[in-house]
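Dear colleague,

I am passing on the structure that we talked about, and my notes follow below it. Please keep the structure open while you read them.

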Amino acid sequence: MSSSPLSKKRRVSESETKTGSNCSSSSSVRTELPCTTSSTPANGMAKNGSETEIDEGLYSRQLYVLGHEAMKRIQNSNVLISGMRGLGVEIAKNVILAGVKTVTVHDSAAAEWRDLSSQFYLREEDLGKNRAETTQPRLAELNSYVSVSAYTGALTEEYLQQFQVVVLTNPSLEEQLKIAEVCHSKGIKLVIADTRGLFGQLFCDFGEEMIVLDPNGEQPLSAMISMITKDGAGVITCLDEARHGFESGDYVTFTEIQGMTELNNCEPVEIKVLGPYTFSICDTSSFSDYVRGGIVSQVKMPKKISFKSLSASLAEPEFVLTDFAKFERPGQLHLGFQALHQYQKQHSHIPKPWSQSDAEGFVSLCKSLNESLTGSAKQEQLDEGLLKKLAYLAMGDLAPVNAFIGGLAAQEVMKACTGKFMPIMQWLYFDALECLSEEEGVMLSEEECAPRNCRYDGQIAVFGSKLQEKLSKQRYFLVGAGAIGCELLKNFALIGLASGEGGEVIVTDMDTIEKSNLNRQFLFRPWDVTKMKSDTAAAAVKQMNPEIRITSHQNRVGPDTERVYDDDFFEGLDGVTNALDNVDARMYMDRRCVYYRKPLLESGTLGTKGNVQVVIPFLTESYSSSQDPPEKSIPICTLKNFPNAIEHTLQWARDEFEGLFKQPAENAMQYLTDPKFLERTLKLPGAQPLEVLEAVYKSLVTDCPQSWEDCVAWARNHWQCQYNNNIRQLLHNFPPEQLTSSGAPFWSGPKRCPHHLEFSTSNDLHVDYIMASANLLAKTYGVPGSRDRAALVKILDAVHVPQFTPRSGVTIHVSDQELQNANSSTDDGRLEELKSLLPKSDCLSKFKLTAIDFEKDDDTNFHMDFIVAASNLRAENYDIPPADRHKSKLIAGKIIPAIATTTAAVVGLVCLELFKIVQGHQKVESFKNGFMNLALPFFAFSEPIAAPKHKYYEQDWTLWDRFEVKGLQDDGKEMTLKQFLDYFKNEHKLEITMLSQGVSMLYSFFMPPAKLKERLSQPMTEIVTKVSKKKLGKHVKALVFELCCNDDTDEDVEVPYVRYTIR
């Protein structure tokens, strides 16, 4: 899933208050949840709950979802999870990764065969042992900050009181009601989760009064103001740069308003949206007149919500819909799940898999139970078909359903601990019955689904043994072994994918494990840091299911590895699953799957949001058929001279990093090592040749340091240039009181008037900047750096900084259009001078410069130190509120926020689609694309979009179709271009007007006659190698040609591509 650009945002100020009318003053509203603390243990290991810092290295991606305040509350929470079958262990895994203070896992029962279908921390040798005690040490490895203990006793009232949150996954309804009563009366938050085959249930009771501090987790919006009216309900108009994005009922506050200063830092005020750029607020009629400027910022307001107890909620349920196409099902399943408990109580077992007689008995029980109900829980009419399926599958235990419900349940635990995001109110039911046979009325036999005392019993109970056999023979390619990849591999191992003869999972990932991965890539441990992800993940799932046949690679997928992932490789696959973190790689794999006609399972997450897309050959559109809108880029002139948000100064700092420590070194080394570099550079358009050669000259001559002192002097002078001289020049060109041609102030609206900074060694931020930039320059030139601040200050005192006087006649561009026009001209005289000044490359043959690649996650390399200091100094120039290191890393490092709960839930849905693919489902309505936002909570499922149809003559075609042309003819000779053109004319009545392969044009109707005559007689592969200047590898069995064609009426027609087989 591609991350979307973060909206402009500013911190809500809590400073002094000027107020009047209904807009009274206060600081922003914060409600603390009760929390407990404990002291740091003697061993010095920071345990959660102690007053220690949050480990940002470990939790960084989760912190971008939850924030520091919520994380502190999580670290003070004690959680009990009862039931250590597949669902319980899934919830425990996610809650432990989240970083709570303690987790107690409870179970009094022993492990049995069917548990192994989804309990990934139980092994065959654990059968007969207590599930909680066996699982505890394996769970404890997930997070050294979390104390994990096992408990096998009774859940008494006294015992429950030590926990903030209790999760129940497999007690009887009687037991649930008893525990729920205790929790409700004692203010303990309760989550009940249950799965039965393809069905899932979730219930939350967080007490009669809970405060939700942030209902949606989105960044608070902000907008710039252009007008405020004096009115009974003052109307605010925002600058038309972008829509304000507010909704009626939002609360906002104001800063930087000139004139109507009563609004600045006022208490949050409710708004009513009037249009995309306007909204109304309180009575402003008695306020001062509005003059100009101002920023409006959204304020998250706490919201009180109330939960009914379990007993009250059973009788009068409220449902969160997971699928709008199944509107009637939650009520039916609410009754069905209660009836299952009753059935078990009466018969001492739940209905047997696919037993007709048990199912009929169950339906009768549902009818009598429904008769006894009153209120909204009573159903007008029972869906007997649905309830029978619930009975057939009730013994089932499926890893993907547990992953989905377990991800949701763990997110609810985190909501209970933090007050962050809106809880499920109060019941959620889910089913994935589309995974069963597409044929109506297909019944599996009891024998086929009976337990076999094997690790797949829980799955055989749902699908029978034939699917199990099919799953074991699958060959699947998994691209990526990060967060989604780890979850997929776990599910693959549990469902028995590639666990038999002929089966294989090939996983590739070229990354190594980093500390920040451990928070959600749950197959990795601290001792695995720096190892290869794919190797480590493969070894970890082998532990979960020794039968899985898995091969790990360390290759990047792309044109460079097509020798490895060639025709033979893809043709031997049953399908591909993507677990990628960028759109380009996803689109590449999508093209490969379309070409080889393989099913593709695609998914992604962004914080609490997740999506799943299924791509089926000849049935659905592909991943590339629809794309996200491009990310909005920041205009160059905004970055260079007119920033108005911290995002602008951070992007400027990133550009500075590239332009100081990467590009100059790269260009200088190319100049020294590549004889054709100068020739290539001079051919660049506009002012680029001059810019590049100036940078090379600086790198090799004027800025070339010989010592650490030289690096410090360079950094000090660069500081002076950026934060003092350039700002003074800008204000010389455009003084603060400057007016535009229309008489409006130049410095208004999005243009913030800057001020220059004066350097001081007593200002920590100034010294931070020098320390970071001098060390980075030193690294570039191989000069030893230093971290000694006192010594640095001494050197700085001796640095000579030339006097600067702003000059007239300096051009500063106000718009990107002006800049573009100016760039088209170039100073040829200076260009010639530079060519003569540059030292000859053979004089500097031993000289070596190192280009520095930006790496955000290493806190010792000065990269983020430079970004934070450079950005915040520029923010100070323009009076923009600064950003701390954490926020700066998010924006400058383009980090995608991530949390284990979303990943688990998304992958659960992916693997449900995998069941359908392996069974060979062929109806588009059987498959489900899904989107979820666990924060809201919101779920949407839809059938995939069918592949769009095109037509030439009477021939329908889609992106999955192509022309198959055999290049080698019967006489063993290859087709010439003339024969190729004739073939289409004779066989398909199509006249080819243009023919290309990749970016190479092989033929066009407007080609010069001499060239055309020569080409017509040449074999196709000879033309391809000649035009592309590349040899065809031995692994290449076929070429792809794109055609432009006319039909027999000379009309342009769209046609499929050509697969031209050469071997």
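Helix H20 (residues 646-673) and helix H28 (residues 863-877) pack at an angle of about 130 degrees, and their axes lie 8 Å apart. That angle makes H20 oblique to H28, since angles under 35 degrees count as roughly parallel, over 145 as roughly antiparallel, 65 to 115 as roughly perpendicular and the rest as oblique. Axes here are lines fitted to C-alpha atoms, for helices over the stretch in contact, and angles run from 0 to 180 degrees between N-to-C directions. Helices (H or I, at least four residues) and strands (E, at least two) are DSSP runs, numbered from the N terminus.

Please bear in mind that this is a predicted model, in which local features need pLDDT of at least 70 and side-chain atom pairs count only at pLDDT 80 or more, while totals for chains, interfaces and linings use all residues. Residues are numbered from 1 along each chain as its sequence is written, and side-chain values use heavy atoms, with hydrogens and water left out.

Among the residues of H20 that meet H28 (contact means heavy atoms within 4.5 Å) are Trp 652, Phe 657 and Phe 661, and on the H28 side the residues include His 863, Phe 866 and Arg 874. By class, the contact of H20 with H28 has eleven nonpolar, four polar and three charged residues; Ala, Val, Leu, Ile, Met, Phe, Trp, Tyr, Cys and Pro count as nonpolar, Asp, Glu, Lys and Arg as charged, and the others, Gly among them, as polar.

Turning to the sheet, eight strands form an open sheet with mixed pairing, in the order E20-E19-E18-E21-E22-E23-E24-E25, where two strands pair if DSSP finds at least two bridges between them. At its edges are strand E20 (550-553) and strand E25 (938-942), each of which pairs on one side only. Within this sheet, strand E23 (residues 609-615) and strand E24 (residues 929-933) are antiparallel and share four bridges, and Gly 610 has Met 932 in E24 as its bridge partner. Helix H16 (residues 533-544) packs on the sheet, touching strand E19 (504-508) and E20, and its direction makes about 165 degrees with that of E20.

Finally, strand E10 (residues 251-255) is mostly covered, with four of its five residues buried (under 20% relative accessible area, with exposed over 50% and partly exposed in between, using a 1.4 Å probe and protein chains only). E10 pairs with strand E14 (residues 295-299) in the antiparallel sense over five bridges, and Tyr 251 has Val 299 in E14 as its bridge partner.

Best wishes
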